[in-house]
Each structure stands twice: as C-alpha cells, then as structure tokens.
Amino acid sequence: MKIGHKSLAVLLVLILLNVAAFAQDVLSFVNPNIGTAHSRWFFYTPAAVPYGMAKLAPSTNGSYGNLQGWEAVGYDTRHTSIEGFVHFHEWQVGGISFMPTAGTLKAVPGELDKPGSGYRSNFSRKNEIAQPGYYSVILDDFKIKAELTATKRVGFHRYTFPKSDSSRIILSIGNVQGESGPVTDASVEMIDDTHFQGYVITYPKYVKTYDEGGRVAMYIFGELSKKPLTVGALNNEKATANQKTSKGIGAGLYLGYNTTENETVEIKVGLSYTSVANAKLNLKTEAEKLTFAGAKAAAQKEWRASLGKLKVTGKDNADKTKFYTGLYHALLGRGIASDVNGNFPRHDGSIGQLPKDPQGKFSYNFMNTDAIWGGFWNLTQLWALSYPTHYSDFVHTQLEIYKERGWFGDGIANSNFVSGVGTNFVGLAIAGAYQAGIRDYDLNLAYEAVKGNELGYKNRLVGSGKMDTKSFVSKAYVPFLDADKTDSTGSHFSGSHTLEYSYSAFAAAQFAKRLGKTSDYQQFIQLSNGWKNIFDSELKLVRPKKADGTFIDKFDPLEAWRGFQEGNATQYTFYVPQNPKALISQIGENTFNTRLNEIFETSRKNAFGGGKTIDAFAGIQSLYNHGNQPNLHISWLFNYSSAPWLTQKWTRAICDEFYGTESIHGYGYGQDEDQGQLGSWYVMSSLGLFDVKGLTDFRPTIQIGSPVFDQSTITLGNGKRLTISALNNSKSNVYVQSATWNGKVLNQAWIYRDELMQGGTLLLKMGNKPNKNWATKLAPPSVQ
C-alpha cells in the first residue's frame, strides 16, 4: 500500500500526538500527595528532578526537627500552614528555607497551632499543585503565590506578590530543618544588589550516633531577579535593619520590596555540599540563562523520560496512579552529592574528585543515600531493570567511601556513616550489581571490600554496622545478649542478624565463585547456612540462641525488638531468601504453605500489617508487616513451594489493598516508605516480576507473579524492550492459566534474568480460578 505525503504527514502527527499524550499522562498519574500523612523528610519534594541534589518542597513543620532523627517531618497532609520552602531534603540532610511574606516583620516561623505567632501562612489544598518537577501554592495570609522547580543542583522560586509596600522574602539559613539535627555554624550575606551566598553546617542525630565528629555542610549561591529595596539580618529571633550579613546559629536575611499587583520576583539558588564557589559554578553551568518557565519545562521533560521507560496500560486509573507515584518516589530518593566539576564531600572535610572517562565525562555520580536494608527486594531490582546507571553510581559511591574509610557505610550523608539499623547490606547490593552485569568499577577493590564487610571486625567503625561479625564468623550464628547492644560477643538483635548475615554471606559466596576464589566461596557458603543454627525444629520457627548454644527462654514468636530488629520471630522465620527450598524442607512443604497462607489470610484483615495506625512501626508485632523491609519477599515464596497461585493471589491483594491513592492511605496507613522502597516493590510486583534472592545468585532468576496491568512495555537498561501481556486480566482474574515466552510455552514461574534482559514478550493468560497444574513441577533454582 502506498502512502501519500499528506497521509504520511497526518500519520506522523497522530504518532507524535500519541507520544505526547502518553508523556502527559505519565505526569498526570503521579500524585505526590499520596501518603503524606506520614511523610519522611525526602518524601514530599515535588520540585526536583530524578536523583537531584536540589529537592525543593513546602515545609509545614520542618523547623521542629525530629527527636530521634528519623521520624516523619517536613510536610504533613493534616497540617494547614506553611513555614517555608526548603532546598535540601535527603536522609539526615536538610536546610536552607525561604519564605515570601508581607505585612508586619516576624523573625521566626511560629507554631503550627498558633496562627500569627510567626511568618508561617495558612493555605488551602484546593490552591495547591504538586507535580513531578513543579509545585505551587497560594499563601492565604499574604495573598502570595509561591512556585518552585529545579534542575539537578539549582533550585528555582517564583513568587507573585499583591500590591504592597511591605512585601519581603525571608532567607532562613542557620536553623534546623527536618532531619538536619542541630546547626553548629551558618552564614548568609548579600554580596551585591542581586546576589547572595551562604552556608549552614549541621550535626544530624545519626551522624552523632554512628560517625561522631562528622558534619553535614550545605552551601548556596543565589541570584535575585529584582534588587530588594531593603535588606536586614535575622539572628536568634532578632531582626536588625540595614544589615546585609548574618552569621552563626539562626542566621538569616530579610529582603524588602514594594510590589505592584501580580509582580513577580524570581530566585535561582545554586546548591553544593562542598563550597560556595561550587554552588556558584553549579548555578552558572545549569541555569545561567534558564528562566523559571524553562527550568520547569526541562524538569518535567526529564521526569517524562525517566517515568516513560516503564509504560503500563490497563482499565483502572487508580492502579496507574499507584504505579507511577511509586516509580516517582523510587526515582526521587537517594540524590547526587557531587558538583558539576566532579567535586564531592569527604568525611574528613576535604573535597574528593570524580574521575573522567575517555570522552571527558565524569564516570559516575557521588550520592547521598539512606541504608540499603531491604533495598534488594525493591530498589536494586528496579535499578538493574531499567536504571542501571543509578545502581552503578551507588556502587561507585560506596567504593569511594571504602577507599577513604576502610569500611562500607550502609547509609551515607556527605560521606558520614548514618546507618540507622546497625547492620550493613552494601556488600550484598554490590554482589547483586555484579551478578546483574553492572561491572564498570574496580572488581578487585569491590571484592576486597565485600569480603571485608562480611568477615572483618578488627577496628571496625561503629557506623559500618555488623559490630558482631566476630561472633558470627566464629559460631556461624550471633549469640543473644539481654542488654540492648551489639558488640563482638553478640547482639540483642541476634536472631535477625544471624539471618541477615547468612544471606549476605551467600551473596559474597556467589561473588567469590564468579571470580574463581574457591576457598573464599567455601567459607562463605558454609556461613550462609548459619540460619540453621537458630532454627527450632520443634516450633518450626527461628529462635535466638545464647552463647552457650541454648535457645532463649520466655520466647514469644510475636514479640518485637527481642532478638529481632523491627520485627519478630514469626516474620523473620521466612528470612532465608538464599535457600528457600531448605527452609521449606525444614518446615515441611504442606505446613509451610498452610502456615504462610493463613498468615496472609489473617493479615489481610489488618491491612497487611499495620492496620490504620499512622506509625512506621505499626506492624512489627503482627504476623506479616508489609510496611517494613524484612517481610517484602515472603509473598513470593510460594513459587518455591509448589503453590505459585498463592504468590499470584497475595501479591495482587497487597498491591490492591495495602497500597492506596490517598494522603493517609498511601503506603499502608502512614507506614515507612524508605526513600522509594515500598514504591519500588509495587512497581516490580505490579509488573509481575521479582527476585526473592535480590539478584545475588550465580545466575539470577526473575520469578513471575500476577501482573496488575493488561500490558507493560519496559525499556530495559540495555536499550532492549520487554513486553508483558496479561490476557483476560481483571481484579478477579488474578491467576495465571498458561504462559509463553517469546512464543514458546513456559511451564515455570521463573525465567533466567539474562534471558529476560534480551527482551521479548511474556504472554500470560489469566483467569479467576487457580490453575494448580501450571508451574508446580519446576521451582526456581534454590541452590546454584
């Protein structure tokens, strides 16, 4: 058939419109306000790009800080006033707040429940817009419209003022913000009519706990679109007129304007963790000639490209909203910490330098990152699927830390250790990257570091976690300590540590095997069976042991915090991802399936863990807790126990019922969305893809579940395309009846990952009753 020029032009227009419509739809399906009743500090930062340093957001209570260093703080959907717009939002990192105001000058943000006590303003959510890359709101008390957007390292503000001779902008630099901890020093100054610079140095709670003496420094260089008529200083609740510099704790400036109706003032703020000079360079490089409108367009274009790597189609828009909002959070957390010139902050206060590749580009980015605890059941699988450069950045960052400190740090804030859980899965994550084909780093150095993380204990730094490594290596289990501590003799969390170290030893074993290190492999694979040493064969539960080899007494399988971190024995018994077949054999297949299925049946009545309690730890004493990391793989274990239809049933139920589309019911009811982990789990599980072993096997597999969507088209990290089609799919048709892979009959609920990554089509026929003959004869490999 011939197509004329006119027809071809029309066809091209239709294709372009289709592409544009989908791109627009991707952003329309992201709702940043989902789950904001229990927002962690990173969580609500609409004005950002994927993995950005600049993460701008409104703050309702960021100035309150948080007592223990991790609690929800920053933006809460139940609050009705805004105290400022903050630039830095990362794990243990927060600072630099701006606020446009009018009327009587007030030097402090004031209290949530006391209107007029400071410069905070009431607002209505009907006048609020939050999208990937953009945020706007009307500040009701001042009749000011505030808008935010960002590039990677530059924050943009646009404030639209009413007619007023008392309009102003507050620059709050030297005050607590979110997880920042106490401010130890700060400075801000106007250096000419339209430019300012400054810094704030903070001492976060987790730095104090895990890396005492470290600090987090944040630097800014900013540009105003309009010269202020007046400049004054703020310091510790005191305002001083006609002063252009403010130093010390509480440092800030206020900039005064006479504004006409709808007059705008725009601000560009270069950010850096290393120096004011680099903040200025970041601004110049990324935004010298960029307008607010141009920055917003670029940010949203970048979000469309990143989110658009995964295209899903289906009948239910709520499912798409869950999917793309989860993907958005996965791409938002763990941002870069290096500058455009490759500088990055080191723990000792010096400045590191990234290397360049032969083309003159920096080989990787340096990151700030929350702990990777549990990240192998969500984040790393998503990174390896379609965003491998970020996985590479994570590995390179940890190797830079290792080179400076001699140890991995599970969580990182400006090269300071901020673990938070006292364990360390970085070695496992790096081993997983290697098995997934991400190998653009010094392999000898990586293996040395992974081995040291599993076996090393001499002069081990507290912030590197695993302070009980000596006892695990010598006994192949960690002895229980009554005291709430962890040292070379054991741990109060001995049960969970034994299970975790057994799993990470397995990952190291497979890494060693790949590199031909036979003796290391034998040592690690033996340690990977350490979990058997605390398995109570009578109760068919894991149970902590004391140093003398006896089980602890007064044992309650649902008691949290005694032997198990953020969980209990019932939950942690299933924590043998390295060898599910062995665990199933220990329990007995029928007993295993009956018990686990009953756990889900009961847990379903309690929203799969936490009920409707708004609390990160709401589910830790329950049978199953989807709101926390230790449980995130167990709905997939039925693929290993000859009952894959139960994996299909329960993963779909969790996607449908645990996850929501509301501000309170988002990730459970206010549970703990650790920098994109729960969002990533939804993304992977709703695609119907998952790996119980977290990519650590010698030849990783991907297990198959029950896709939420009729069709998913995935642009893989290698540029190839994977299509997953679920025929006859619906809310009730959750069970796989039959499957083909690239046209060939597939009678197993798994595929080798290297084959999947070649691209192709996975076709699943769905029905409303289990096909108990499909995929029951050949379980995924349990031991390789």
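Predicted model: local features only at pLDDT ≥ 70, side-chain atom pairs only at ≥ 80, totals over all residues.
**Entry 1: the domains**

I began with the domain assignment. Domain 1 covers 32-308, and domain 2 is given as 314-334 + 369-693. I then looked up how far apart the two lie, and found 35 Å between their centres, taken over C-alpha atoms.

Next I turned to the interface. In domain 1, 37 residues are in contact with 48 residues of domain 2. I noted that the size of an interface is often given as the accessible area lost when the parts come together. For domain 1 and domain 2 the buried area is about 3,400 Å², with 62% of it on carbon and sulfur atoms.

**Entry 2**

I moved on to helix pairs. Two packed helices are described by the angle between their axes and the distance between the axes, and I wrote down both values for each pair.

Helix α5 spans residues 317-332, and its axis lies 7 Å from that of α17, at an angle of about 130 degrees. The two helices are therefore oblique to each other. I recorded the crossing of α5 and α17 as left-handed.

On the α5 side I listed Asp319, Lys322, Phe323, Gly326, Leu327 and Ala330 as making the contact. The α17 side brings Gly679, Ser680, Tyr682, Val683, Ser686 and Leu687. I sorted the residues of this contact by class and got six nonpolar, four polar and two charged.

**Entry 3: α6 and α17**

I stayed with α17, residues 677-687, and looked up its packing with α6, residues 379-386. Here the angle is about 55 degrees and the axes are 8 Å apart. Is α6 oblique or roughly perpendicular to α17? That angle makes α6 oblique to α17, because roughly perpendicular begins at 65 degrees. The crossing of α6 and α17 is left-handed.

From α6, I found Leu379, Gln381, Leu382 and Leu385 meeting Gln677, Ser680, Val683, Met684 and Leu687 of α17. This contact has six nonpolar residues, three polar ones and no charged ones.

**Entry 4: α9 and α11**

My last pair was α9, residues 443-455, and α11, residues 494-514. Their axes are 10 Å apart and meet at an angle of about 155 degrees. Helix α9 is therefore roughly antiparallel to α11, because the angle is over 145 degrees. I noted a left-handed crossing for α9 and α11.

Helix α9 makes the contact through Ala446, Tyr447, Val450 and Glu454.

Methods
Residues numbered from 1 in each chain as written. Heavy atoms only, no water. Axes fitted to C-alpha atoms, helices over the stretch in contact; angles between N-to-C directions. Helix = DSSP H or I, 4+ residues; strand = E, 2+ residues; numbered from the N terminus. Parallel < 35°, antiparallel > 145°, perpendicular 65-115°, else oblique. Left-handed = near helix turned anticlockwise from the far one by under 90°. Contact = heavy atoms within 4.5 Å. Domains from an automatic or database assignment. Buried area = accessible area lost by both parts, 1.4 Å probe. Nonpolar A, V, L, I, M, F, W, Y, C, P; charged D, E, K, R; others polar.
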